[in-house]
Amino acid sequence: MMRYLYLILCVLLSQTVRAGTEDMIWHMTPEDSHIGFSVNIQGTESDGVFPKFTSRIVFDPANLDDSRVEVVIDLSKIEATYQDVEENLPKEAWFDVARFPIATFKGGQFEALGNQMYSVTGQLTIRDVTRTETLHFSLLEYGADLARIEGKMKISRLDYGVGQGDWSTVSFVGEDVFLDVALTATRRSK
């Protein structure tokens, strides 16, 4: 009898946790969200965006332990200030989208930094190389139905093998790539 009561209690607790987590699920609004990048090319900043990406967001500033995010970026479509950047990034020497069509970020280690600033640390994968990276972001708005963030991440393109052959030095293209993220999301309907 005691075992039976314990089993019922475990089931009820798991449903409560699941229900609590469901309240933390957010749905990105693509038209109000973007992932941009900038890199120094021969002394000039070159920037662009990855227009096609998806996200799975579970977030509550009062429950960071259960918060997590997963972003999948389609690397086959890039919009850049300079046409040669736009045309060359998908090629073999850079993202090699024929072999590695997506980049992913999976983060679950959130930290509150104060003044509506947060960080999330997770695994970034580009060209089949996975490394630990941190996105720092501001929570611009957080309400019952709407949330907005803006964040930044700095990575080394060389860590991921982005820029092969003659491009694996920093003579023409800088090592540091700065990502900027703006996400607007609404609660998923139950």
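I began with R127, which at 12% relative accessibility falls under the 20% limit and therefore counts as buried. I found R127 in the loop between β8 (117-126) and β9 (129-142). Its phi is positive, about 55 degrees, although R127 is not a glycine. The model is a predicted one, and I kept that in mind for the entries below.

**Confidence.** I looked up pLDDT next. The chain averages 89, and 87% of the residues score at least 70. Residues 1-19 stay under 50, and the model gives this stretch zero contacts beyond four places in sequence.

**Overall make-up.** I noted two helices and 11 strands in the chain. Read from the N terminus, the order is α-β-β-β-β-β-β-α-β-β-β-β-β. Of the 190 residues, 39% are buried. I also checked contact range: among contacts between residues at least 6 apart in sequence, 57% join residues at least 24 apart. The accessible surface comes to about 11,400 Å², with 53% of it belonging to carbon and sulfur atoms.

**β8 and its partners.** On one pairing, β7 (residues 102-114) runs antiparallel to β8 over nine bridges. A112 has Y118 in β8 as its bridge partner. The two strands make a hairpin with two residues between them, and N115 in that turn has a positive phi of about 55 degrees. I then took the pairing with β9, also antiparallel, and counted 10 bridges. There S119 stands opposite H136 in β9. β8 and β9 likewise form a hairpin with two residues between them, and R127 sits in the turn.

**Q42.** Is Q42 buried or exposed? At 58% relative accessibility, Q42 counts as exposed. I placed Q42 in the loop between β2 (34-41) and β3 (44-49). Its phi is near 50 degrees, again a positive value in a residue other than glycine.

In soluble globular proteins, nonpolar side chains tend to be buried together. The largest nonpolar core here has 43 residues, and F50 and F95 touch the most other members. Strand β11 (residues 173-187) gives the most to this core, with six residues. I listed the contacts of F50, leaving out residues up to four places away in sequence: I35, F37, I73, L75, K77, I78, F95 and L179.

**Salt bridges.** How many salt bridges does a search of the whole structure find? The search returns five, and I wrote up three of them.

- D74 pairs with K52, the closest N and O atoms being 3.5 Å apart. D74 is in strand β5 (residues 68-74) and K52 in the loop between β3 and β4 (53-58), 22 residues apart, so I logged this as a link between distant parts of the chain. K52 is partly exposed, with a relative accessible area of 45%.
- R99 and D96 meet through their side chains at 3.4 Å, N to O. R99 counts as exposed at 57% relative accessibility, whereas D96 counts as buried at 5%.
- K154 forms a salt bridge with D176, with the closest N and O atoms 3.7 Å apart. K154 lies in strand β10 (residues 146-156) and D176 in strand β11, so the pair ties together parts 22 residues apart in sequence. D176 is partly exposed, with a relative accessible area of 31%.

Definitions and conventions:
Residues are numbered from 1 along each chain as its sequence is written. This is a predicted model: local features need pLDDT of at least 70, side-chain atom pairs count only at pLDDT 80 or more; totals for chains, interfaces and linings use all residues. Side-chain values use heavy atoms; hydrogens and water are left out. Helices (H or I, at least four residues) and strands (E, at least two) are DSSP runs, numbered from the N terminus. Buried means under 20% relative accessible area, exposed over 50%, partly exposed in between (1.4 Å probe, protein chains only). pLDDT is the predictor's confidence in each residue, from 0 to 100. Contact means heavy atoms within 4.5 Å. Two strands pair if DSSP finds at least two bridges between them. Accessible areas come from the Shrake-Rupley method with a 1.4 Å probe; for residues, only the protein chains shown count as cover. A nonpolar core is a set of buried Ala, Val, Leu, Ile, Met, Phe, Trp, Tyr and Cys residues joined through side-chain atoms within 4.5 Å. A salt bridge is a side-chain nitrogen of Lys or Arg within 4 Å of a carboxyl oxygen of Asp or Glu.
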